[in-house]
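Subject: The structure for you to look through

Dear colleague,

I am handing over the structure below, together with some notes on what was found in it. Please keep it open beside this message as you read.

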Amino acid sequence: MLYLSEIKRAKVVDPAGIEIGRLLDVAVVPKEQFPAVQWAILRTPGGERIVRWSDLERVSRGYRLKDSAVPPAAGELPPEALRLGRDLVDKQIVDTHGAKVVRVNDLQLDDKQGQLRLVGADVGLRGILRQVGGERAAERVAGLLGRKLPRGIIPWHLVEPLESRQQNVRLTLPHAKLALLHPADIADIVEEMTADERLAVFDQLDVETAAETLGEVEPEMQAAIMGDLDGERAADILEEMDPDEAADLLQDLPEETREELIDLMDEEEGADVEELLAYPEDSAGGIMTTDFLALPRDLTTGQAIERLRELQPDPALVYYLYVVDGEGRLDGNVSLRDLVVAQPDTPLTTVMNPNVLRVEADTPKEEVAALIAKYDLLALPVVDARRKLLGTVTVDDVVELMMPRGWKKRSLRSIAR
Amino acid sequence: MTVASRPRQTLRAVRRRVPRKAAFAAFLGVMGPGLITGFAGNDAGGVTTYTSVGARYGYAMLWLLLLSTAGLVVIQEMCARMGAVTGKGLSDLIREKYGVRWTIVAMLALLIANGTNVAAEYAGIAASLALIGVPSTISVPLAGIAIWVLVVFFSYKVVERALFVVILAFVAYPITAVIANPDWGAVARGLVIPTLPVEQAALIAALALVGTTITPYMQFYIQASIVDKGVDPEQYGYARLDVLMGSVLTGVNALFMIVVAGHVLFPAGISVNSAADAAKALSPLAGEQAGILFGAGLLGASLLAATVMPLSTSYAICEAFGWESGISKNFREAPVFMGLFTLLLVAGGVVVVLFPQQLLIQLILASQAVNGLLLPIVLAFILLLASDRSIMGGSANGRTTSAIGWGVATMASSLSVGYVIVTLLGMA
């Protein structure tokens, strides 16, 4: 195994053995899993010179140009090429396996039959020591203590480089690997990025993943991301989010921005969100979602199942099915199990549970959380003064309120550093 | 024109058209980092240095304070701007631009400067509590444990607010200055006529004055706060105002401290060797209670800084080298972070407990001189980075800003070099 720091500054000679310069950097196009080094950037007395890697061969102490007449390859370097030393070393990358942002201390290369490939990022202590020429010494010291210096290498196919700004040209990198992670993991990662990097990620994710990821990001950051995104795109993502999450997010934005965004949203989704925004933030109305399944009370269980088949509802919605009258007033709830085991011609009203626990929209959210915790509920319906079903509060909306205080230690870091 | 008719416009651009009345709200939104950093600058080191300089040299060094404050404004603005434009901390930028070797240099400077600062904060705690007869063998370990518990178990915001109330005791200085009615003509002369005796003590005092006004620590802190607050280039105008106000207020506060000490202590020939000496400066306002007023302010300032400084240092260093950091992690998850944090907290306390009680004030002054000595290193990085167009784009330093910045750096370095030469020549 070879490291970039070991070949950097290596002597480069011409075919006659006369030194023409030193190896400054190497460049790859990051398309393959383990990208091949295609160009070498040399520092010569006459300035920077770029040659093809295949025009170099390894000699005892450095590299030799195979042919003195090799054409300069500067024009070949595509804009998406990465110079390993300049664009990656000392910079931050995403470790998609550990789902975190880490800093590159050195790069691991693999030389097979003259084909040099980028195989890993060294993010460990060894990388730092190698850069300052202290790896050997540190190894010896560790050896004396009967320990081994740990290696901290992330295989390159698990690495996602971040955008880098060079001479004000923003390099847009594909974030395909990132997009495959769980939205909660993506959220953890983007929280550690700079605003530019975050924006690039959110621009690339598909709307559904973007919406789920945004829902997992810290509230203050949500607002910042929304503000940076293109208006249409922001509205698309909001439509995809649960209405209660979208409303929470919009709550944190300045009024003008909020209104512009709601205008850009689909009429139906926009209206839902606007309705939710009318409730105080810390009440049942403020945390509920308007997505729920209500079945008219005059259906039979068979018809109800037929209705479900047509609607194909979200898995999260089928835990509780609500039964409402012609005016939308809550009469009871019924479980999927009860629907399935009943004879198809049984009226819904006979299998439903008429004594359903419910809260009104102005109930404080702490009380809602306490009820959900006490009765082990997955969701609690919210009604208005006339018992009309408005929405439901699901357990995930109140889970934070049930956690012991102080589990979110992040806030501390934001001021105290 | 409606937004829908030009859908490619970002919301940020839309927001820029907001009417005037929203401007004040926008200012309040980003306000804070500059003022907080400014206040944090008046920690144990600041109070002690300003009082002691005033007591020993009267108004003679006010000109240096004026220059330092101007320097502070410029440098703080640069760091805040870097934070807003790049979204990265100062140590991240140093690492990304200059590589591991220079990062080690910068981080060592920061570690040493802040290590001595932490010791100074403990000395401030010990000195203030000594006023009510608590020996440092009790006050220091107690403070150390209290800080540890605060940081690990409590919300920092609560602690910060509580301690700020105590620091407000320093508002007593401007009031004292008005009551005592010093010779304002002499103050003005001190501000504009540069004088500096060529002797080691005066050079240490000058170095400490610059070092405590423009601390390396404040520069890392302001940039990190701007980044954490998510201030972006569009909001930067307001953040800049906040930073300006913070720096100027720090300078004005320092001015009053020197003036009060210069008016009350200097003519009486009282040199500040203990917190009780320093408290006498407030006697025109508080009379016999001066000790309590001074002690409360010093204790609050020291506790706050002793809480923030070890944390902030550990974050800066760990992020530069890519080590796991975060206060919610344990020793196994973030060994370097927790190790550094604990080391700073414990080592600072041990130094102060072992130190002779009557020399605590000297220890604080020396720590500020160390800050002054290391300042040029940090300043050089800041100036180079903030002028670099490949990092800052169109927001890079202009010619005037650069010139002032390098002027400050030159002033700080010549004081450092002067001090080293004078020390070597033995001109004590």
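This is a predicted model: local features need pLDDT of at least 70, side-chain atom pairs count only at pLDDT 80 or more; totals for chains, interfaces and linings use all residues.

Helices, counted when they hold at least four residues, and strands, counted when they hold at least two, are DSSP runs numbered from the N terminus.

R387(A) has a positive phi of about 70°, although it is not a glycine. For background, most residues other than glycine have a negative phi. R387(A) counts as partly exposed, because 16 other C-beta atoms lie within 10 Å, and partly exposed is the class between exposed, at 12 or fewer, and buried, at 20 or more.

A positive phi, near 70°, is also found at R9(A), again in a residue other than glycine. R9(A) sits in the loop between α1 (4-7) and β2 (11-13) of chain A, and with 11 other C-beta atoms within 10 Å it is therefore exposed.

T44(A), by contrast, belongs to a strand, namely β4 (residues 37-44) of chain A. Since 13 other C-beta atoms lie within 10 Å of T44(A), this residue is partly exposed. If residues up to four places away in sequence are left out, T44(A) touches I20(A), G21(A) and R49(A). Between T44(A) and T392(A) there are 348 residues in sequence and 70 Å in space, taken from C-alpha to C-alpha.

**Chain B and its packed helices**

Chain B has 20 helices and zero strands. Of its 428 residues, 54% are buried, and among the contacts in chain B between residues at least 6 apart in sequence, 84% join residues at least 24 apart.

Two packed helices are described by the angle between their axes and the distance between the axes. Helix α6 (residues 90-130) and helix α16 (residues 290-321), both of chain B, pack at an angle of about 160° with their axes 8 Å apart, and angles over 145 degrees count as roughly antiparallel, so α6(B) and α16(B) are roughly antiparallel to each other. The residues of the contact of α6(B) with α16(B) comprise 20 nonpolar, nine polar and four charged.

For α18(B) and helix α20 (residues 399-425) of chain B, the angle is about 160° and the axes are 8 Å apart, and α18(B) and α20(B) are therefore roughly antiparallel to each other as well. Their crossing is left-handed. The residues that meet include G372(B), L373(B) and P376(B) in α18(B), and W406(B), V408(B) and A409(B) in α20(B). By class, the contact of α18(B) with α20(B) has eleven nonpolar, six polar and no charged residues.

**The nonpolar cores**

Which residues touch the most other members of the largest nonpolar core? Of its 136 residues, they are M61(B), Y122(B), A123(B), L207(B), I258(B) and I382(B). The most is given to this core by helix α18 (residues 360-387) of chain B, which contributes 18 residues. Leaving aside neighbours within four places in sequence, I382(B) is in contact with I75(B), M78(B), C79(B) and Q219(B). There is also a second, separate core of 74 residues, which includes L116(A), I189(A), L229(A) and A247(A).

With kind regards

Key: Residues are numbered from 1 along each chain as its sequence is written. Chains are lettered from A and ligands numbered from 1 in the order in which they are written. Axes are lines fitted to C-alpha atoms, for helices over the stretch in contact, and angles run from 0 to 180 degrees between N-to-C directions. Angles under 35 degrees count as roughly parallel, over 145 as roughly antiparallel, 65 to 115 as roughly perpendicular and the rest as oblique. Ala, Val, Leu, Ile, Met, Phe, Trp, Tyr, Cys and Pro count as nonpolar, Asp, Glu, Lys and Arg as charged, and the others, Gly among them, as polar. A nonpolar core is a set of buried Ala, Val, Leu, Ile, Met, Phe, Trp, Tyr and Cys residues joined through C-beta atoms within 7 Å. Two residues are in contact if their C-beta atoms, placed from the backbone, lie within 7 Å. A crossing is left-handed if the near helix is turned anticlockwise from the far one by less than a right angle, and right-handed if clockwise.
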